[in-house]
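The entries follow the order in which I consulted the structure.

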Amino acid sequence: MSFKDVPPSHPRYQSLLMRHLIAEGGKKGIVADSGLIAHGRGEAFDYLLGEKTAPFAEKAIEAAAALILESKRPILSVNGNLAALCPDDIAEIQRVSPLGIEVNLFYRTPKRERAIFRHLKRHGVKSILGLKKSDTVRLSSMDHARRIVDKNGIAAADTVIIPLEDGDRAEALVRDGKKTVVIDLNPLSRSAVSGTVTVVDNIVRVMPLLIRKIKETAALTPSQRQEILAAYDNRAVLKEAEAAVRRHS
Ligand code: ATP
């Protein structure tokens, strides 16, 4: 049976749709093999979280929207899984927010970068950073190839949005003085723990909610946005998320 035969009324439709998008992404060269495994780990946590957005994630999304709007140069770091799962949302968030878009891969090959670039363009994403070799630099706090970033993107950013990021790289960005918005279903991952704002929820649910919150939060004054950020406690959010996982495991 192929995904085409699965009716939307199927109780696991959303989960099967994500698997389908990730598997198709793999065939098109957008998703790396390790991306398939990362998706599986995410699925397990999503199952434990009841596959829905919890109040602690809503709080974090509100803070993330305020932080994006209060930042001077916020950037969304796009990897293969995000590109495969949410290409239309990436185009929409670029339209409604000051976020720059950078393709930044853990397993970087020119072929994958090109496949992601073409895919994002087809879905309406406009200017995409991270692809011009002459604009690449290395983050000082990491010494290997995985730390290559765009000098006009992540290198110059004050805030970086990192969905499904590897822990080493997430921690390196923090060491480099960046604020980070981590979106990760595992509240125990090093990425999640290192975030300035950590949204423990599935990226496919987070993106539309974040887009809506950015639109709402844009109507507030800067001091109202600062108040949201001052009242936000990421440690408490992580504790609530971990408790939710433990309740269901
Ligand atoms: P660490 O941050 O400690 O290095 P890790 O080794 O698990 O953690 P990776 O395997 O590189 O990190 O990244 C995968 C992460 O992405 C996992 O924590 C997984 O839960 C998360 N993840 C996978 N799919 C999704 C998704 N659709 N939405 C949100 N998070 C996801």
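Entry 1. I looked up the largest pocket and found 33 lining residues, with Ala-38, His-39, Leu-164, Glu-165 and Asp-166 nearest its centre. A pocket here is an open set of points on a 1 Å grid over the protein atoms alone, where a 1.4 Å probe fits, with protein on both sides within 12 Å along at least five of seven lines; lining residues have an atom within 4 Å of a point.

I noted that the model is predicted: local features need pLDDT of at least 70 and side-chain atom pairs pLDDT 80 or more, while totals for chains, interfaces and linings use all residues. Residues are numbered from 1 along each chain as its sequence is written, and side-chain values use heavy atoms, without hydrogens and water.

Entry 2. I recorded about 770 Å³ for the largest pocket, a volume being the space filled by probe spheres set on the points. Helix 2 (33-48) is among the elements that supply at least two residues of this lining, and helix 2 gives the most, eight residues. Helices are DSSP runs (H or I, at least four residues) numbered from the N terminus.

Entry 3. For the second largest pocket I noted about 200 Å³. Its lining includes Leu-67, Glu-70, Gln-226 and Leu-229, and helix 3 and helix 10 are the elements that give two or more residues to it.

Entry 4. I then checked helix 3 (residues 55-70) against helix 10 (residues 222-231). Their contact (heavy atoms within 4.5 Å) includes Leu-67 and Glu-70 of helix 3 and Gln-226 and Leu-229 of helix 10.

Methods
Axes are lines fitted to C-alpha atoms, for helices over the stretch in contact, and angles run from 0 to 180 degrees between N-to-C directions.
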